[in-house]
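Open your viewer, get ready to select residues by number, and take this tour one stop at a time.

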Amino acid sequence: MAAAAGGMSSRSSSLLAMVFVAVAVLARAQGERAATFTITNNCAYTVWPGLLSSAGSAPLSTTGFALAPGASQAVPAPSGWSGRMWGRTLCAADGAGAKFSCATGDCGSGDVQCNGGGAAPPATLAEFTLDGSGGLDFFDVSLVDGYNLPMLVTPSATSGSGKCAATGCVAELNGACPADLRVASASSASGPAVACRSACEAFGSAEYCCSGAYGNPNTCRPSAYSEFFKAACPRAYSYAYDDSTSTFTCAAGATDYAITFCPAAPTSVKSSGQNPQAAGLQQLNDTMVYFGGGGGSPQSSGATTTSAYSSIAAAVFSVAAVALAALL
């Protein structure tokens, strides 16, 4: 009898251990996917997204890829991830196997993957900190480093408070860019603008860069240049201390994010937002070949979709249910 009781106790302990392991696996699977970013290209031309993890953050499954017009790709991010995303335009490789580069947003890697390189300004940036203070995700769209294409960030669920809401810059600003901030194609200085610099990059002064004596919100104030960006894109950061109207928060672990280049019906003062090539921009040289590498489905690029996590959860719950039933 004592032996039988001992066997039952051992069996119960084993089954309880199975339950604990199953729950731990599920918690880990859920924790590993703090959010999924779905990046979509609504532009009439190919965009090459770049992705950069902040120091100390786990790397994402990709750091760069090509998105043809109308294409989307999902990228899961782990709990606690922080970093930024942007779009590169007018990218090419100078012949077979040669260095890959982009006219705007180039990350300096020489490859479709950015491999830890950040965006060369000017570039429209989406910035995220997942699972931050107070159990919240923090995000913004920034024009502090300038602008190269329209971008919208839309959370999967919004709140009435205005803190969990879509943000971005949906206006096409290159055509309206002030002359002293304007960036043209390297092959045609008099051609259409391909990007719009910040005043900090253009002039390098402490006043515009919010540095030195201007390195605090009391002394660094909006300039005529930052107000150009703010008037067109009131929810985007226009200078370093533009926090009050430009930082958004959503519930951590419960929100996914859509990042859209050239969102529907962009507004413009002077430019139609058409394909850069159709706007008269030349290739950097006669041998450039436009690149399509790095694209494809989330599965083929190593990204894990929400449905995959659902399958993991279902499997774990099945194991837990079997173990619990055996105990009862």
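**Before you start**

This is a predicted model, in which local features need pLDDT of at least 70, side-chain atom pairs count only at pLDDT 80 or more, and totals for chains, interfaces and linings use all residues. Residues are numbered from 1 along each chain as its sequence is written, and side-chain values use heavy atoms, with hydrogens and water left out.

**Stop 1: the whole protein**

Show the cartoon: the protein has five helices and 14 strands. Here helices (H or I, at least four residues) and strands (E, at least two) are DSSP runs, numbered from the N terminus.

How many of the 328 residues count as buried? The share is 41%. Buried means under 20% relative accessible area, exposed over 50%, and partly exposed in between (1.4 Å probe, protein chains only). As for contacts (heavy atoms within 4.5 Å), take those between residues at least 6 apart in sequence: 67% of them join residues at least 24 apart.

**Stop 2**

Select threonine 40, which is found in strand S1. Threonine 40 has a relative accessible area of 16%, so it counts as buried. Leaving out residues up to four places away in sequence, threonine 40 touches Leu67, Ala71, Ser72, Ile259, Thr260 and Phe261.

Next, select alanine 44, in the loop between strand S1 (35–41) and S2. Is alanine 44 buried or exposed? Its relative accessibility is 53%, so alanine 44 counts as exposed.

**Stop 3: threonine 62**

Move to the loop between strand S2 (48–53) and strand S3 (72–77), where you will find threonine 62. With 3% relative accessibility, threonine 62 counts as buried. Which residues does threonine 62 touch, not counting residues up to four places away in sequence? They are Leu51, Gln73, Val75 and Gln113. Show the side chain too: a polar atom of the side chain of threonine 62 lies 3.2 Å from the backbone oxygen of glycine 64.

**Stop 4**

Select serine 79, in the loop between S3 and S4. Serine 79 is partly exposed, at a relative accessible area of 44%. The side chains of serine 79 and aspartate 131 make a polar contact of 2.7 Å. A polar contact is a pair of N or O atoms within 3.5 Å; within protein, one must be able to donate a hydrogen and the other to accept it, and residues adjacent in sequence count only if both atoms are side-chain atoms.

**Stop 5**

Leucine 90 is in strand S4 (residues 82–94) and has a positive phi of about 50° although it is not a glycine. Leucine 90 is buried, with a relative accessible area of 11%.

Asparagine 115, in the loop between S5 and S6, also is not a glycine, yet its phi is positive, about 55°. At 54% relative accessibility, asparagine 115 counts as exposed.

Alanine 120 is found in the loop between S5 and S6 and counts as partly exposed, at 34% relative accessibility. Leaving aside neighbours within four places in sequence, alanine 120 is in contact with Gly105 and Asp106.

Finally, select proline 121 and proline 122: a cis peptide bond joins them, with omega about 5°. Proline 122 lies in the loop between strand S5 (100–104) and strand S6 (125–132).

Stop 6: On a 1 Å grid over the protein atoms alone, using a 1.4 Å probe, a pocket is an open set of points with protein on both sides within 12 Å along at least five of seven lines, and lining residues have an atom within 4 Å of a point.

About 240 Å³ of space lies in the second largest pocket. Of the 21 residues that line this pocket, the closest to its centre are Val144, Ser198, Cys200, Tyr208 and Ser238. A volume is the space filled by probe spheres set on the points, which are joined across faces, edges and corners. Colour helix H2 (199–203), helix H3 (206–209) and helix H4 (224–232) to finish: each supplies at least two residues of the lining of the second largest pocket.
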